[in-house]
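The following note concerns helix packing and pockets in the structure shown below.

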Amino acid sequence: MDIDVRGPRFGAAVTTAVLAVVLVTGSAWLLVWQTLAFALGAAGGVSRSPYGWVFRAAVRPRIGPPTEFEAPQPPRFAQAVGLLFAGLGLVGYTLGPDWLGLAATGAALAAAFLNAVFGYCLGCEMYLLVRRVTVRAG
C-alpha cells in the first residue's frame with residue numbers, strides 16, 4: 001500500500017532539527033533517540049516511526065487528504081541508511097573518535113535536510129539505484 005509523500009518529508013524535517021541540535025550540543029542521548037526513530041522506521045516502515053505517528057495523528061488531519069503517494073520501500077530503505085549513519089555517529093560520540101560522530105551525524109543531517117526542504121531523498125535514490133543494478137545483474 002502506498003504512503004502519503006508528505007509523511008516522510010515531515011519526518012525528515014523533524015530529523016533535521018534533531019540532528020542539528022545533536023551537532024550543536026554533542027548530545028549522545030539525543031542521538032540515541034534519533035537512532036531509535038530510524039530503527040523503528042527501518043523495521044516497520046516510516047509510518048511506524050515516532051515521527052510517522054505524529055504526522056498521522058496530529059499533522060495529516062489538519063492538512064487534508066493526500067494527493068500524492070509513493071511506494072513505502074524507498075523511504076524504509078532510507079531509514080535504514082539513516083540508522084547506519086546515526087549508529088556510526090553514536091559510536092563516534094560515545095567511544096570516539098569525535099570526528100566520526102560529527103561526520104556521520106553531519107552526513108545524516110545533510111540527507112534529512114535535502115528531503116525536508118527539497119523533497120530529494122538520497123536514501124530513496126540509493127534504493128532505486130540498487131534495484132536497477134540488481135535487476136540488470138539478475
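1. H2 passes H4 in a left-handed crossing (left-handed if the near helix is turned anticlockwise from the far one by less than a right angle, right-handed if clockwise). Helices are DSSP runs of H or I with at least four residues, strands are runs of E with at least two, and both are numbered from the N terminus. The model is predicted: local features need pLDDT of at least 70 and side-chain atom pairs pLDDT 80 or more, whereas totals for chains, interfaces and linings use all residues. Residues are numbered from 1 along each chain as its sequence is written, and side-chain values use heavy atoms, without hydrogens and water.

2. Helix H2 (residues 28-44) packs on helix H4 (residues 73-94) at an angle of about 155°, with the axes 8 Å apart. H2 is therefore roughly antiparallel to H4 (a term for angles over 145 degrees). Axes are lines fitted to C-alpha atoms, for helices over the stretch in contact, and angles run from 0 to 180 degrees between N-to-C directions.

3. The H2 side of this contact (heavy atoms within 4.5 Å) includes Leu31, Phe38 and Gly41, and the H4 side includes Gln79, Leu83 and Tyr93. By class, the contact of H2 with H4 has 13 nonpolar, eight polar and one charged residues. Ala, Val, Leu, Ile, Met, Phe, Trp, Tyr, Cys and Pro count as nonpolar, Asp, Glu, Lys and Arg as charged, and the others, Gly among them, as polar.

4. The axes of H1 and H5 come within 8 Å and cross at roughly 145°; this crossing is left-handed. Among the residues that meet are Ala12, Thr16 and Leu19 in H1 and Leu109, Phe113 and Ala116 in H5. The contact of H1 with H5 divides into 15 nonpolar, five polar and one charged residues.

5. The largest pocket has a volume of about 820 Å³. A pocket is an open set of points on a 1 Å grid over the protein atoms alone where a 1.4 Å probe fits, with protein on both sides within 12 Å along at least five of seven lines; lining residues have an atom within 4 Å of a point. Of its 42 lining residues, Pro8, Val46, Pro75, Arg76 and Gln79 lie nearest the centre. H4 gives the most to this lining, with eight residues.

6. The second largest pocket has a volume of about 190 Å³. Its lining has seven nonpolar, two polar and four charged residues, and H1 gives the most, with three residues.

Notes
Parallel < 35°, antiparallel > 145°, perpendicular 65-115°, else oblique. Points joined across faces, edges and corners; volume = space filled by probe spheres on them.
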